[in-house]
Amino acid sequence: MPSSSHRLWVNATLFDGLDAAAEPMAVAVKDGRIAWLKPMSALSEADRAGFELIDAEGRLLTPGLVDCHTHLVYGGNRAGEFEARLEGKSYEEIARAGGGILSTVRATRAASEDELYAAARPRLEALMADGVTTVEIKSGYGLDVDNELKMLRVARRLGRELKVRVVTTLLGAHALPPEYKDDADGYIELVCRRMIPAAAAEGLADAVDVFCENIAFSVAQCERVYAAAKAHGLAIKGHTEQLSNLGGSAAAARAGALSVDHVEYLDETGVKALAEAGTVATLLPGAFYILRETKVPPIALLRRHGVPMALATDANPGTSPIFSLRLMLNMACTLFRLTPVEALRGVTAQGARALGLSHECGRIVPGMAADLCLWETDNYAELAYSLGLPRLVQRIVAGEPA
């Protein structure tokens, strides 16, 4: 009798995370891992023995999607700011007037862990319904030790209670809290001396992120955060070059960052630094769209220098209240002129790389976790081309339907 943990998908049109297979494929899963792949033309009866057979009927089989940049845990909403921007106010004007991130900070600090969990769960479930099997969740709306840790605990709970891999990132250096309004260096000291050590001691964070921007933190301040993160064994990420070019991406790359995210104002010096370090450039077309930006990331430079490009929702209450990674595929192609294969790589293999998970997910190759999506199409380009369709037929996590 076939083992319930041994499954064989046959007659699949395969996109393995980097490329499409030239012919129908069989994908074998044992105990939650990809065991082997074979073209259907080479599959024998002996190969089928011991497996539960699942006929894909020519449908597209991809890795489970990876959303490598989200802010899913927060209190309140900022629909009013959406309206204000449409009335002519800029992102910076709203932030400097005490809105923006700080309005979410007030609501998040006032919420209990249970309240934050109840609000975040449907956001994550929306991503899961879109094919996401791995998601990064950042903190960054507490801006003090207790509330940042509260957000990270909620993110960890989401990963325990839902069938999805959750990676957590401490984004304490997201903005200046009101109590440190005129003391950015003092707040960075708090992040480095107390917040990062506390998150590391409780095992709540996998990485540390910073917002390097004129309305946030300088390159020198970010470098202090990177040093503290590395001292506590945590990976590094950066919000860089979103609104201006401060050289934050190059600084993050020098520090060994997994990824730098946004990068609309990234120049060739920064691109070269990413290429030399192997740092991923994560593109966030949702924020570009919501903010009605016009400065497109330097896609041609990233291609020319071989910098891997990931793609994520940036799901957050202010600048990308979007909970569909599939929509990001279309936006990346339409707004940034990525090709469909580049976009799909960005939410599979390259998204995993941006999280330091290239060894674990984002590809359909032997040894990887069997996180898969089966789609009602035989053309991977249709995932980026068509909004609303094709339908997700089955989402598989560690070899099990989820």
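Glutamate 241 is buried, with a relative accessible area of 1%; buried means under 20% relative accessible area, exposed over 50% and partly exposed in between, for a 1.4 Å probe and protein chains only. The model is predicted, so local features need pLDDT of at least 70 and side-chain atom pairs count only at pLDDT 80 or more, while totals for chains, interfaces and linings use all residues. Residues are numbered from 1 along each chain as its sequence is written, and side-chain values use heavy atoms, with hydrogens and water left out.

**Backbone geometry**

- Glutamate 241 has a positive phi of about 50° although it is not a glycine.
- Its place is in the loop between strand E10 (235–240) and helix H9 (248–254); helices (H or I, at least four residues) and strands (E, at least two) are DSSP runs, numbered from the N terminus.
- Asparagine 11, also not a glycine, has a positive phi, near 55°.
- Asparagine 11 sits in strand E1 (residues 6–14) and is partly exposed, at a relative accessible area of 28%.
- The peptide bond from leucine 389 to proline 390 is cis, with omega near 5°.
- Proline 390 is placed in the loop between helix H16 (382–385) and strand E15 (392–397).

**Leucine 387**

- Leucine 387 lies in the loop between H16 and E15.
- With 57% relative accessibility, leucine 387 counts as exposed.
- Leucine 387 touches Leu327 and Asn330, not counting residues up to four places away in sequence; contact means heavy atoms within 4.5 Å.
- The C-alpha atoms of leucine 387 and leucine 327 are 6.8 Å apart in space, and the two residues are 60 apart in sequence.

**Helix pair H5 and H6**

- The axes of helix H5 (residues 113–129) and helix H6 (residues 145–161) come within 10 Å and cross at roughly 50°; axes are lines fitted to C-alpha atoms, for helices over the stretch in contact, and angles run from 0 to 180 degrees between N-to-C directions.
- H5 and H6 are therefore oblique to each other, given that angles under 35 degrees count as roughly parallel, over 145 as roughly antiparallel, 65 to 115 as roughly perpendicular and the rest as oblique.
- On the H5 side, Glu113, Asp114, Leu116, Tyr117, Ala120, Arg121 and Leu124 meet Lys150, Arg153, Val154, Arg157, Leu158 and Glu161 of H6.
- By class, this contact of H5 with H6 has six nonpolar, no polar and seven charged residues; Ala, Val, Leu, Ile, Met, Phe, Trp, Tyr, Cys and Pro count as nonpolar, Asp, Glu, Lys and Arg as charged, and the others, Gly among them, as polar.

**Nonpolar cores**

- The largest nonpolar core has 100 residues, of which Val73, Leu124, Val135, Leu158, Val225, Leu283 and Leu302 touch the most other members; a nonpolar core is a set of buried Ala, Val, Leu, Ile, Met, Phe, Trp, Tyr and Cys residues joined through side-chain atoms within 4.5 Å.
- Helix H7 (residues 184–201) supplies the largest share of this core, nine residues.
- A second, separate core of 16 residues includes Trp9, Leu14, Ile364 and Ile396.
- Leaving aside residues up to four places away in sequence, valine 225 touches Ala173, Ile188, Val191, Cys192, Ile196, Val208 and Val210.

**Threonine 282**

- Threonine 282 is found in strand E12 (residues 280–283) and is buried, with a relative accessible area of 0%.
- Contacts of threonine 282, not counting residues up to four places away in sequence, include Cys68, His69, Ser259, Asp261, His262, Leu311 and Ala354.
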